[in-house]
Amino acid sequence: MQHFKTLSSYLDYLGLPRPEHPMLSVFNSKGNGYLPCPRESSPPITNDCYSISFKKYVTGNLNYGRTKYDFTNGALIFIAPRQVLQWDNSIVFEQKGFSINFHKDFLIGTEISKQIKKYSFFSYSVNEALHLSPKEEKQIEAIVENIEFEYQNNQDAFSKEIIISHLDTLLKYANRFYERQFLNRKELSNNLLDKFNQYITEYFETGQLQEKGIPNIEHIANKMLVSQRYLSDTLKKETGKTTTEHLHLQLIDQAKNILLQPNKTISEVAYELGFEYPPYFSRLFKKKEGISPKEYRDNYKLN
């Protein structure tokens with residue numbers, strides 16, 4: 001897989017003009033022309049740049065990470081360094097959009113360099129993109145125009161600091177708008193929770209727990225065709241619990257049934273549930289239930 005270490009080499013590959021700054025590029029169609037991307041298709045590639053883009057397509061598919069996304073609507077997309085990108089020649093652009101690309105080293109020494117990894121949407125798949133309302137779109141466009149103004153004019157000692165400040169504002173607004181999207185898409189959140197629970201139930205019932213051990217969250221997210229961060233964030237907003245907490249609850253429910261079999265030791269129950277270390281199982285059980293597995297079994301006998 002081809003990897004581009006510099007912003008310039010990545011833009012050269014795309015067939016775009018060299019950037020005004022070696023670590024920053026800004027393209028903004030402003031509705032007056034097509035957002036440039038001369039390269040019609042690409043095999044899987046990666047680079048060392050962050051990308052923030054708002055794009056509208058008439059039709060076409062883009063592979064981003066694990067997922068194929070149909071761009072029938074505009075979306076604000078965040079791409080982190082080393083994300084895998086691939087697209088084909090079916091994509092047709094509409095006359096609106098912007099693209100901000102900056103090398104990861106552009107942030108070195110700034111406060112945003114410490115914060116940007118906390119924005120989990122950089123780890124989302126493209127089908128989890130942010131869909132803006134018309135009002136939100138105008139707010140983002142205004143910030144992008146400020147960034148573009150600094151980028152296009154003669155840059156001085158203050159330019160980078162001002163651009164970084166606008167980028168920070170853009171990311172904070174995106175975080176706010178994602179909160180709104182989570183709230184407004186409860187049907188999707190409930191659907192994800194149902195799918196999550198269904199997958200775990202099937203995993204247990206088909207004996208995969210004993211065969212493969214406890215599934216990790218990334219594996220579950222891959223099977224659900226969503227990113228690990230998006231799955232966890234969505235369930236957290238909807239239920240107050242992370243994917244790990246939901247998984248633990250399912251394991252504890254399974255444990256309760258197995259513990260009722262008197263011929264099995266606590267260690268055997270732990271191994272059957274996929275725990276490599278029985279003491280960890282006992283600690284988790286007590287944390288969730290307030291009593292140890294042995295106490296739970298003894299209490300049930302008394303009842």
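In this predicted model, helix H9, which covers residues 243–259, packs against helix H11, residues 278–289, at an angle of about 100°, and the axes of the two helices are 10 Å apart. Because angles from 65 to 115 degrees count as roughly perpendicular, H9 and H11 are described as roughly perpendicular to each other. On the side of H9, the contact is made by Glu 245, His 248, Ile 252, Ala 255, Lys 256 and Leu 259, while H11 brings Tyr 280, Phe 281, Leu 284, Phe 285, Lys 288 and Glu 289. Sorted by class, this contact has seven nonpolar, one polar and four charged residues.

In soluble globular proteins, nonpolar side chains tend to be buried together. The largest nonpolar core here has 33 residues, and those with the most contacts inside it are Ile 52, Phe 78, Ile 100, Phe 102, Phe 122 and Leu 167. Strands S2, S4, S7 and S9, together with helices H3 and H4, each supply at least two residues of this core, and the largest share, eight residues, comes from H4. Apart from this core lies another, of 30 residues, which includes Leu 193, Leu 247, Ile 252 and Ala 270.

A last stop is Thr 110, which sits in the loop between S9 and helix H2. Thr 110 counts as buried because its relative accessibility is 15%, and its side chain reaches the backbone oxygen of Leu 107 at 2.5 Å.

Definitions and conventions. Residues are numbered from 1 along each chain as its sequence is written. This is a predicted model: local features need pLDDT of at least 70, side-chain atom pairs count only at pLDDT 80 or more; totals for chains, interfaces and linings use all residues. Side-chain values use heavy atoms; hydrogens and water are left out. A nonpolar core is a set of buried Ala, Val, Leu, Ile, Met, Phe, Trp, Tyr and Cys residues joined through side-chain atoms within 4.5 Å. Buried means under 20% relative accessible area, exposed over 50%, partly exposed in between (1.4 Å probe, protein chains only). Helices (H or I, at least four residues) and strands (E, at least two) are DSSP runs, numbered from the N terminus. Axes are lines fitted to C-alpha atoms, for helices over the stretch in contact, and angles run from 0 to 180 degrees between N-to-C directions. Angles under 35 degrees count as roughly parallel, over 145 as roughly antiparallel, 65 to 115 as roughly perpendicular and the rest as oblique. Contact means heavy atoms within 4.5 Å. Ala, Val, Leu, Ile, Met, Phe, Trp, Tyr, Cys and Pro count as nonpolar, Asp, Glu, Lys and Arg as charged, and the others, Gly among them, as polar. A polar contact is a pair of N or O atoms within 3.5 Å; within protein, one must be able to donate a hydrogen and the other to accept it, and residues adjacent in sequence count only if both atoms are side-chain atoms.
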